[in-house]
Amino acid sequence: MITKRKFLAACAASAAMSALGMPAFAAGYPDHELKLVIPFAPGGATDVVFRIISERAEKELGKPIVPLNMGGAGGAKGSTFVKEQKADGYTLLGGHEFILTTYYGGMVNFGLDAFEPVCTLTFTPMFFSAGTHAPYKTFREMAAYIKANPGKAVVAMTPASVQYVMWNQAAEAAGFNFDKDVRVVIINGNGPQTKAILGKHVEAATGDVPSHLAYIKDGRLVVLGVANDTRLPQLPDVPTMKEQGYNVKFGVTRAVFAAKGTPRKAIEKVAAAYQKACADPEIIKKIEDLGNIMTYKNPRQTKILFSEFDKTFKKALAK
């Protein structure tokens, strides 16, 4: 029997939650499927990574995690959609550093503060690639060439992007000004950029194992330097940026986010399901075979990590 006192206490708790604009956590969560918005086209590296891990995580969660591709505006279309959904834990965002580039690039008026970090899944190291026609074969040689020939090196890049931040970090470490000393051809997307290198329209671009490995193996692309602490198993003979004297580590960090105000218990339940998925040896192998590194981090660790990224991207893009 519910006493009057218990009834009034429950009403007060409900009113407090409503006043704070926070949804109450349902004890049976989740009681139906979740949507995972992937703000890029199907078949790309980001799409594949989230699908592989989420398929395993839903077995732990007990309800389907349904991928929903929503490409457009560099990820802004999908992130805007998730931001505007009810914060009940049933709509998630498959995100990465694009949350920062779209904000500091002026494409949206919200950044990290619009979301609750759920967990980090993977890290995909990036590298600098060049065509065989480029007058340099390592990043150290490229830096020397740029310093001796300002404005002659031609690279492909997407503006206000992860690529731009990576180029700036490397340029700062190597002692040249990327915005002034390099000729940039604006080309959006890894695929079109790679075609531009192969067609000898540009000399270099950034890349990763998923997008460039086939061209590296057949000799049409040369990796100038890997932006990771260690060499990549797929490219054991290619030196890291650090080995060449530049303390540059950079890549794409894929993580799951939820709308601001999502109940903490919902976040923790989803995070726990992904944690078990990320510890599955079969899933780890699939992810690593695609050129990624499994790097699970819980909600608190993910918040700290992306807060650090926020400082870096703000410095590079908020000009």
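The following legends describe close-up views of a predicted model.

**View 1. Confidence along the chain.** The mean pLDDT of the chain is 92, and 92% of the residues score at least 70. Over residues 6-22 the pLDDT is below 50, and this stretch has 4 contacts in the model beyond near neighbours in sequence. Where pLDDT is low, predicted coordinates should not be read in detail.

**View 2. The ring pair Phe128 and Phe139**. The count of aromatic pairs comes to 15. In the pair shown here, the ring centres of Phe128 and Phe139 are 5.0 Å apart and the planes are at 35 degrees, so the pair is tilted. Phe128 belongs to strand β5 (residues 127-131) and Phe139 to helix α5 (residues 139-148), so the pair ties together parts that are 11 residues apart in sequence. Both Phe128 and Phe139 are buried.

**View 3. The ring pair Tyr136 and Tyr145**. This aromatic pair is tilted, with 5.7 Å from centre to centre and 55 degrees between the planes. Tyr136 has a relative accessible area of 1% and is therefore buried, the limit being under 20%.

**View 4. A cluster of aromatic residues that includes Phe128 and Phe139**.

**View 5. Lys249 and the ring of Phe123**. The charged end of Lys249 sits over the Phe123 ring, at 5.4 Å from the ring centre.

**View 6. The cis peptide bond from Tyr29 to Pro30**. Omega of this bond is near -10 degrees. Pro30 is located in the loop between α1 (4-19) and β1 (34-38).

**View 7. Two alanines with positive phi, Ala73 and Ala160**. Ala73 has a phi near 60 degrees, a positive value in a residue other than glycine. The loop that holds Ala73 runs between β2 (65-69) and α3 (76-83). With a relative accessible area of 45%, Ala73 is partly exposed. For Ala160, which is not a glycine either, phi is positive at about 50 degrees. Ala160 is placed in the loop between β6 (154-157) and α6 (162-174). Its relative accessibility is 28%, and Ala160 counts as partly exposed.

**View 8. The cysteines Cys119 and Cys278**. A search of the whole structure finds 0 disulfides. Cys119 is in no disulfide, and the nearest cysteine sulfur to it, that of Cys278, is 6.5 Å away. A disulfide requires sulfur atoms within 2.5 Å, so the sulfur of Cys278, at 6.5 Å from the closest cysteine sulfur, in Cys119, is too far for a bond. Cys119 is buried at 0% relative accessibility. Cys278 is also buried, with a relative accessible area of 5%.

**View 9. The surroundings of Thr120**. Thr120 is part of strand β4 (residues 115-125) and is buried, at 0% relative accessibility. Its side chain makes a polar contact of 2.9 Å with the side chain of Thr302. Apart from neighbours within four places in sequence, Thr120 is in contact with Thr253, Arg254 and Ala255, with Thr295, Tyr296 and Lys297, and with Thr302, Leu305 and Phe306.

Conventions. Residues numbered from 1 in each chain as written. Predicted model: local features only at pLDDT ≥ 70, side-chain atom pairs only at ≥ 80, totals over all residues. Heavy atoms only, no water. pLDDT = per-residue confidence, 0-100. Contact = heavy atoms within 4.5 Å. Phe/Tyr/Trp six-rings, centres within 6.5 Å; stacked < 30°, edge-to-face > 60°. Helix = DSSP H or I, 4+ residues; strand = E, 2+ residues; numbered from the N terminus. Buried < 20%, exposed > 50% of the residue type's maximum accessible area, 1.4 Å probe, protein only. Lys NZ or Arg CZ within 6 Å of the ring centre and 35° of its normal. Polar contact = N/O pair within 3.5 Å; in protein donor to acceptor, adjacent residues only side chain to side chain.
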